[in-house]
Amino acid sequence: MRAVDIIIKKRDKQELTDAEIDFFVQGFTSGAISDYQVSAWAMAVFLNGMTAHETTALTLSMAHSGAMLDLSDTVDIAVDKHSSGGVGDKTTLSVLPIVAACGLPCGKMSGRGLGFSGGTLDKLESIPGYRVDLSTDEFKSQLREIGIVLTGQSLDLAPADGKLYALRDVTGTVDATPLIASSIMSKKLAAGAQAIVLDVKAGNGAFMPTVEAARQLANAMTDIGRLAGRQVTALIADMNQPLGDAVGNALEVVEAVKALHGSGPEDFMEHCLHLSAHMLLLGKRAPSLEQGRVMAQKAIDDGSAFEKFCQLVAAQGGDVSFVENLEKLPAAEIVEVLVSPRAGYLSTVHARTIGEAAVTLGAGRAKKGDQVDHAVGFIIHKKVGQAVSAGEPLFTIHARNHAQVEQVREIVLNAFAFSDTPVAPLPLFY
Ligand code: URA
């Protein structure tokens with residue numbers, strides 16, 4: 001077999017065999033196939049697509065390019081969740097403790113922020129001492145002992161994805177549905193997931209700008225799951241406006257903890273209850289979605305979800321006093337409230353603009369390896385569809401200095417658009 005023949009076959013819109021895909025993936029993982037050939041192949045896939053069968057073969061091959069975590073000796077069913085990323089999406093921080101408190105053990109490997117979209121690991125590192133580099137043994141024993149783990153992706157899982165992703169990033173081939181679907185699912189399979197709830201975001205603050213594109217990605221991933229013998233539920237969630245109110249690392253930890261106490265913003269609470277219910281159903285802890293929701297709500301009301309979060313933080317070396325006394329978390333020196341310039345109904349609260357402004361403040365990275373500032377970000381006070389009066393608070397900037405405030409004030413103000421006539425609220429899920 002030769003790499004060039006596989007590239008030509010894909011260029012000519014023919015279906016690749018499992019053996020050809022495996023040869024290619026193993027070749028680029030070992031370095032036997034060069035970056036320029038992998039790049040040409042990725043562009044051929046970008047332009048000509050892949051069948052469901054090819055996408056699954058690619059996923060399985062990438063999943064098997066490194067170690068495969070086997071959790072069968074640790075939990076009865078390994079349930080995982082994945083969000084395709086967005087602005088203000090701190091769901092994992094609340095949902096994992098909720099389901100774990102309901103008796104569904106959940107160990108998850110999360111990522112860092114990517115561009116305008118935040119990352120769970122960066123948020124968790126707002127808590128001093130919290131470790132995101134657990135070994136496989138630590139992962140398993142903590143999952144067995146306290147039923148919850150939230151750490152970083154270990155380097156030996158799906159290394160092919162890491163290599164391919166880095167090339168896609170610089171060859172204009174990131175947003176190809178089969179490549180995104182196989183990238184996400186290969187990591188989930190390698191991490192031992194038997195059942196997965198996918199939170200696929202659609203909108204200007206997501207990878208997939210439209211519901212139709214998100215649906216295609218969701219279908220590709222559920223197809224892979226089915227063909228790989230896993231159970232997968234995919235939800236399509238709105239990401240045209242930030243989820244919840246907080247955008248920024250420590251600010252999002254505060255909001256996630258408030259949600260665990262039952263006092264998070266309404267949209268975020270609803271999002272967490274819905275996701276938890278799906279996880280409890282897939283994990284066979286709840287007989288129906290309705291019951292799953294009741295269980296999740298109970299874990300919030302009786303304090304067991306928050307207690308589970310504290311156990312998680314303590315087990316991973318974090319200082320629990322920071323989640324018990326939220327005012328101890330990193331805080332910005334300048335807190336400035338911006339008010340509405342006019343009365344009307346909000347028609348847009350542009351998620352991507354707000355996410356990019358948060359990166360400008362330092363909440364995300366301008367380039368790989370940059371340090372994030374845990375303290376900075378925004379609190380958004382209004383949602384699409386809400387009526388506002390002139391002079392009413394629209395958003396609050398948390399910044400390190402006045403120059404930063406000047407840099408983002410107008411940009412974020414322009415993320416809000418108004419209508420004189422009533423506007424329907426955006427759905428949470430499609
Ligand atoms: N997230 C991933 O893990 N991979 C992609 O390709 C896109 C988003």
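Predicted model: local features only at pLDDT ≥ 70, side-chain atom pairs only at ≥ 80, totals over all residues.
## The ligand and its pocket

The ligand sits in the largest pocket, and the elements that contribute two or more residues to the shell around the ligand are helix H8 (159-169) and helix H9 (177-190). Of the elements, H9 gives the most to this shell, with 4 residues.

The residues around the ligand are Tyr165, Arg168, Ile180, Ser183, Ile184, Lys187 and Phe207, a set that divides into 4 nonpolar, 1 polar and 2 charged residues.

A polar side-chain atom of Lys187 is placed 2.5 Å from an oxygen atom of the ligand, while an N or O atom in the side chain of Arg168 lies 2.9 Å from an oxygen atom of the ligand. For Ser183, a polar side-chain atom is found 2.6 Å from a nitrogen atom of the ligand. On its own the ligand has 240 Å² of accessible area, and the protein covers 90% of that area.

## Helix H5

Helix H5 spans residues 91-101, and because 10 of its 11 residues are buried, the helix is largely enclosed by the rest of the structure; buried here means under 20% relative accessible area. The buried residues of H5 are Thr91, Thr92, Leu93, Ser94, Val95, Leu96, Pro97, Ile98, Val99 and Ala100.

After H5 comes Gly103, a residue whose phi is positive, near 90 degrees.

Notes. Residues numbered from 1 in each chain as written. Heavy atoms only, no water. Near = heavy atom within 4 Å. Polar contact = N/O pair within 3.5 Å; in protein donor to acceptor, adjacent residues only side chain to side chain. Areas by Shrake-Rupley, 256 points an atom, 1.4 Å probe, with all protein chains shown as cover. 1 Å grid on protein atoms, 1.4 Å probe; cavity = no way out; pocket = protein on both sides within 12 Å on 5 of 7 lines; lining within 4 Å. Sits in = over half its atoms within 2 Å of the grid points. Nonpolar A, V, L, I, M, F, W, Y, C, P; charged D, E, K, R; others polar. Buried < 20%, exposed > 50% of the residue type's maximum accessible area, 1.4 Å probe, protein only.
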